Amino acid sequence: MKVLILGGTQFVGAATTQEALARGWQVTVFNRGTRPAPAGATALAGDRLGDLSALTTGTWDLVVDTWKGAPRAVRESARLLAGRAGHYTYVSSRSVYAQPAPSGGDESGPLVEGASPDAGDVPYPQAKLGGELAVAESFGDRALFARAGLILGPYENVGRLPWWLDRISRGGAVPAPGPADLPLQYLDCRDLARFLLDNPATGGAFDLISPPGHTTTRELLEACAKATGSSPDLRWLSPEQVEAAGVEPWSDLPIWLPPGELHDTMHQGNPAKALAHGLTCRPVAETASDTWAWMHSSGWTAPDVVFGRRVGLAPAQEKVLLAQLGGA
């Protein structure tokens with residue numbers, strides 16, 4: 001297989017590149033060249049919003065596109081490659097569904113309004129749906145839309161799981177948002193990459209998340225403790241206590257959302273279609289331990305701001321939380 005990966009050096013793109021190389025495929029990556037291409041991959045330099053000249057020649061069996069910005073960039077690449085690529089897989093998001101999505105929702109759910117393949121900078125849901133529309137214009141049923149939910153694992157440049165691993169590695173009293181057995185859904189980026197490459201000629205939309213109940217908050221945090229070899233004092237707090245302290249779910253306490261509509265939207269989806277097409281999900285302990293190993297081997301440092309906010313509790317904020325709430 002000859003695969004062109006638009007991106008290829010960060011997070012999902014990096015995982016997909018490594019998986020394709022491990023299969024012995026011919027891999028070409030196209031990006032701005034600010035990071036070195038993985039060994040074994042051919043690198044093409046350009047700009048999705050400007051210079052696409054490096055993509056004007058060449059043929060590929062599969063294109064994998066991880067772009068999350070202006071849909072018009074996806075439109076231009078899809079138009080350019082339509083006659084020279086067999087299939088186009090666009091890494092989209094479950095954010096394309098009208099919110100809040102119901103518990104058990106699947107690919108048949110209503111979509112957000114206001115998306116356009118010609119759009120420039122737009123909110124993330126409209127950007128991802130606009131990207132889908134852009135690919136569909138040029139590739140039709142030769143396109144797969146990978147509507148991913150929460151993505152974790154090695155290469156994670158957002159810092160959600162890395163933040164928990166880093167904090168838990170330091171031990172001591174750690175605020176743990178409950179209920180402890182609240183179910184979580186996510187997908188390891190390597191399992192996402194395998195699905196993308198296992199379906200190089202499959203069309204349509206797929207919700208890509210783990211099965212309901214794949215893990216829980218308790219299992220995730222305990223997996224972080226085991227991966228880091230630490231013995232934290234997990235102080236379990238009720239959602240009401242967290243709210244009373246003014247702590248923000250998802251951003252101040254990454255991954256976690258209290259029971260309710262937002263939790264159902266993020267952690268109660270229905271991936272039956274993807275599972276029927278071969279999606280597999282590794283245990284949370286493996287995701288945690290491999291992410292911890294990657295953090296050390298790569299020299300990972302926490303990003304200051306992601307999507308306009310810092311990720312995780314600030315130390316002063318944690319002290320206030322523990323002082324006010326104690327253990328529940």
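Which helix gives the most to the lining of the largest cavity? In this predicted model, local features need pLDDT of at least 70 and side-chain atom pairs count only at pLDDT 80 or more, while totals for chains, interfaces and linings use all residues. Residues are numbered from 1 along each chain as its sequence is written, and side-chain values use heavy atoms, with hydrogens and water left out.

**View 1. The largest cavity and its lining.** The structure holds one cavity of 30 Å³ or more (on a 1 Å grid over the protein atoms alone, a set of points where a 1.4 Å probe fits but cannot get out, with lining residues having an atom within 4 Å of a point). The volume of the largest cavity is about 40 Å³. Helix H6 (residues 217-228) gives the most to its lining, with three residues. The lining is formed by Trp164, Pro177, Leu184, Thr217, Leu220, Leu221, Pro254, Ile255 and Trp256, of which eight are nonpolar, one is polar and none is charged.

**View 2. The packing of helix H1 against helix H5.** Helix H1 (residues 11-22) packs on helix H5 (residues 189-198) at an angle of about 60°, with the two axes 8 Å apart.

**View 3. The residues between H1 and H5.** Contact (heavy atoms within 4.5 Å) is made from H1 by Phe11, Val12, Ala15, Thr16, Glu19 and Ala20, and from H5 by Cys189, Arg190, Leu192, Ala193, Arg194, Leu196 and Leu197. By class, nine of these residues are nonpolar, one is polar and three are charged.

Technical notes
On a 1 Å grid over the protein atoms alone, a cavity is a set of points where a 1.4 Å probe fits but cannot get out, and a pocket is an open set with protein on both sides within 12 Å along at least five of seven lines; lining residues have an atom within 4 Å of a point. Grid points are joined across faces, edges and corners, and a volume is the space filled by probe spheres set on the points. Helices (H or I, at least four residues) and strands (E, at least two) are DSSP runs, numbered from the N terminus. Ala, Val, Leu, Ile, Met, Phe, Trp, Tyr, Cys and Pro count as nonpolar, Asp, Glu, Lys and Arg as charged, and the others, Gly among them, as polar. Axes are lines fitted to C-alpha atoms, for helices over the stretch in contact, and angles run from 0 to 180 degrees between N-to-C directions.
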